[in-house]
Amino acid sequence: MAVTVGASRLGMGVLRRLPVEARPIVRPGTVPTGVVHLGLGAFHRAHQAVYTEAAVGAAGGDWGIVAVAPRSTALVEAIAAQDNLFSVSTLSADGSATRVVGALSGVRHAASDPDAVVALLADPAVRVVTLTVTEKAYQLDPVTGRLCPDQQLAADLAGGRPPSTVPGLLLRGLAARAAADAGPIALVSCDNLPSNGRRLRGMVDQAVGQALGVPAGLVDWVAGNVTCPGTMVDRIVPASTPETIEAVRRALGVTDLAAVAAEPYMQWVIEDDFPGGRPGWEHAGAVLTDDAGPWERLKLRTLNGVHSAVAYLGALAGRETIADALLIPHLTDVLRRLIAEDVAASFTPPDGVRVVDYGEQALGRFANPAIHHRTLQVAMDGSQKLPQRVLHTIADLRAAGRPARWGALVVAAWLRFALGYADDGRPLPFKDPLAGPIRAALDAGTQSPAGTVDAIFALRDVIPAEVAEDDEVRTEVITWLTALERHGVEATLAGAR
Ligand code: CS2
């Protein structure tokens, strides 16, 4: 029986006390660094770190990961104090299993030590950089893909001080790499962006093109030495909580301040374009392909689009978690229609995949009662998520002359959420990088559903022109928003035909 009180801290010293199946696959500290990861969040630890450890375990290679936290120090300190170890608990209705992962060969804190990150990017041993930095860190206009530097990135582009943003770190790291002639490198976006490889390439090219104080030849060096393979990443990994840590204490008898919990399902589809080599991820179950695009669309429009729908409708209806929200009467029927009538009709899925089956599987994953994924977590940053999750679906349907009824419901649910209060009148937090302009537009619009829709549809960096200027879509969104405002989520879903 594991002892929870006074449990010792996770670290090399306690590994041999753990059951064999809970120990790392690779011997921690023995795999030299070959990967730098930007973004030390829960998703990286439960996804790419797990795949990479399994790949090294199966196929070998110097592919230890140095994981970089852009801002927060707490995790860097926690993981450093644990000899770079952390645990992943896999949770399902049938029980849970906790395992320590040995993929990390180091951790760094970019904000306090940017030079160390730049030096790593210029290290010839590092040939792969993966990123999970969330949509907003790319600083790209979600509609046009244009780089929109905030003050910090503008300062990074101007140079003269160490970089503090993700594009700035990459820019200065690549400049140092070119200067050191350290060889080619692949930059791999693992964020839920459409064509994430192309987006990352666009971000890097624009940053390099606009930067001051970089050698004239850098543009050509980047063109010849840097690839940005696209990926589709998938695993539901809620933010860790004190309960996550407590569950590890109970399971393993150790304290792990970097513990993560995740669903059993995981998928990674990667375009195979790695000029400096890569871990044998295929040995860990990843799919290597020429074109991740169809997989990416499948996942963003079906899983993430439906996830956002559940998050907004659930938060409005006062449901704390995604699994609770799914229990709202009639919601599952409406989601099935969203999947079958809108999402599936909007694009061609990868060979051999039926969108409705994939969608049904996603609904099953959302219903996992052991995963406490908060609706408010998924609801965050809607302005950055909605384009690829819902608005592209609507645009493609309309271009094909089809209605986009259920997609319009998701947009209306987001707008209703942005208004800032739930059906029972309680306030809802609106966390979004564009919260300022969105709030200003809502305050300026007439306080009616039509006024709200028109005010937000005028924001071109959120709603693409082809959706905003479509009268049928506008009318549909106003109709849903009116219903949600007048009757609330439950009655609106009950009346949905
Ligand atoms: C979620 C995703 O928070 C969100 O927006 O939709 O993080 C989702 O859990 C992952 O993409 C699953 O792979």
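Which residues does leucine 298 touch, not counting residues up to four places away in sequence? I looked this up before anything else, taking contact as heavy atoms within 4.5 Å, and I found Leu303, Phe347, Pro350, Val353, Val355 and Tyr358.

I note that this is a predicted model, in which local features need pLDDT of at least 70 and side-chain atom pairs count only at pLDDT 80 or more, while totals for chains, interfaces and linings use all residues. Residues are numbered from 1 along each chain as its sequence is written, and side-chain values use heavy atoms, with hydrogens and water left out.

**Leucine 298.** I placed this residue in helix 11, residues 293-316, where helices (H or I, at least four residues) and strands (E, at least two) are DSSP runs numbered from the N terminus. Leucine 298 counts as buried because its relative accessibility is 0%; buried means under 20% relative accessible area, exposed over 50% and partly exposed in between, with a 1.4 Å probe and protein chains only.

**Nonpolar cores.** I took a nonpolar core as a set of buried Ala, Val, Leu, Ile, Met, Phe, Trp, Tyr and Cys residues joined through side-chain atoms within 4.5 Å. The largest has 81 residues, and Val310, Leu335, Phe366, Trp414, Ile438, Ile456 and Val477 have the most contacts inside it. This core draws at least three residues from each of domain 1 (8-289) and domain 2 (293-494), with bounds that come from an automatic or database domain assignment. Apart from this core lies another, of 39 residues, including Val36, Val66, Leu157 and Leu174. For isoleucine 456 I listed Trp414, Leu415, Ile438, Ala441, Leu442 and Ile463 as the residues it touches, again not counting those up to four places away in sequence.

**Whole chain.** I counted 21 helices and 14 strands in the protein chain, and buried residues make up 57% of its 497 residues. Of the contacts with a separation of 6 or more, 77% join residues 24 or more positions apart.
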